[in-house]
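This report describes one protein chain, from its overall fold to selected local features. The sequence and structure come first.

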Amino acid sequence: MPVNSFRHRYTVLSALAVLITAAAGCSSADDSASAAVPSPDAKVTELCQNLDEALPAKVDGESRDDPEPTSELTAGWGGVAIILRCGVERPPKMTDPKVANGNDADAVPGGVNGVDWLMETRGDDVQRFTTANREAYVEIEVADGRDSTGVLIDLAPALKEAIPEGIAS
């Protein structure tokens, strides 16, 4: 009987070790994205909540995968590939005369499908886009050298529906 008892414990312990290893390997903390949650006023928060409801399940072929901490002011697709933050502060480059005149290599104004953007390139292979001429500033970060065109096209309908044209305060 001691032999069977030993085998039983060995089997249980082996199975437990496999489960612990699998749980550790699948931990969402290992590869989950994180994003700082903005703190806008009540009006902008409401616009951002409306945007959260209008956002698509897929962007540029990536499934929605919201960053931590969970908030209606942030969204993500494909882990860290595409991160959206709604209610951010106006970027300083948005009022920089060099950008408006086209004399800044790292920031360019532009538009895609009826949504105006300030497009900024960061040194870490990330592009940052911030809406312009809308009642709330919405920031999109696109990582991994991904072509951002599909991202902006996929997000334009939700932005036009939820964030009215105007000047954010």
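## Overall fold

Read along the sequence, the chain follows the pattern α-α-α-β-β-β-β-α-β-β-β-β-α. That gives a secondary structure of 5 helices and 8 strands. The model is predicted.

The protein chain has 169 residues, of which 36% count as buried. Among contacts between residues at least 6 apart in sequence, 53% join residues at least 24 apart.

## Disulfide

The structure holds 1 disulfide. The bond joins Cys-48 to Cys-86, with an S to S distance of 2.0 Å. It connects distant parts of the chain: Cys-48 belongs to helix H3 (residues 42-54) and Cys-86 to strand E4 (residues 82-86), 38 residues apart. The angle about the S-S bond is -80 degrees, and the link of Cys-48 and Cys-86 is left-handed.

Both ends of the link can be classed by accessibility. Cys-48 has a relative accessibility of 1% and therefore counts as buried, the cut-off being under 20%. Cys-86 is likewise buried, with a relative accessible area of 1%.

## Packing of H3 and H5

Two packed helices are described by the angle between their axes and the distance between the axes. For H3 and helix H5 (residues 149-162), the angle is about 145 degrees and the axes are 9 Å apart. The crossing of H3 and H5 is right-handed.

On the H3 side, the contact is made by Leu-47, Asn-50, Leu-51 and Ala-54. On the H5 side, Ala-158, Leu-159, Glu-161 and Ala-162 take part. Sorted by class, the contact of H3 with H5 has 6 nonpolar, 1 polar and 1 charged residues.

Trp-117 and Phe-129 are both buried.

Glu-120 also lies in strand E6 (residues 115-121). The relative accessible area of Glu-120 is 10%, so the residue is buried. Leaving aside neighbours within four places in sequence, Glu-120 is in contact with Pro-91, Lys-93, Asp-106, Ala-107, Val-126, Gln-127, Arg-128 and Thr-130.

## Backbone features in loops

The peptide bond from Glu-68 to Pro-69 is cis, with omega near -10 degrees. Pro-69 is located in the loop between strand E2 (62-63) and strand E3 (74-77).

Two residues other than glycine, Asp-60 and Asn-113, have a positive phi. For Asp-60 the value is about 50 degrees, and the residue sits in the loop between strand E1 (58-59) and E2. With a relative accessible area of 27%, Asp-60 is partly exposed. For Asn-113 phi is near 50 degrees, and the residue is placed in the loop between strand E5 (107-112) and E6. Asn-113 is partly exposed, its relative accessible area being 44%.

Note on methods: Residues numbered from 1 in each chain as written. Predicted model: local features only at pLDDT ≥ 70, side-chain atom pairs only at ≥ 80, totals over all residues. Heavy atoms only, no water. Disulfide = S-S within 2.5 Å. Helix = DSSP H or I, 4+ residues; strand = E, 2+ residues; numbered from the N terminus. Buried < 20%, exposed > 50% of the residue type's maximum accessible area, 1.4 Å probe, protein only. Contact = heavy atoms within 4.5 Å. Axes fitted to C-alpha atoms, helices over the stretch in contact; angles between N-to-C directions. Left-handed = near helix turned anticlockwise from the far one by under 90°. Nonpolar A, V, L, I, M, F, W, Y, C, P; charged D, E, K, R; others polar.
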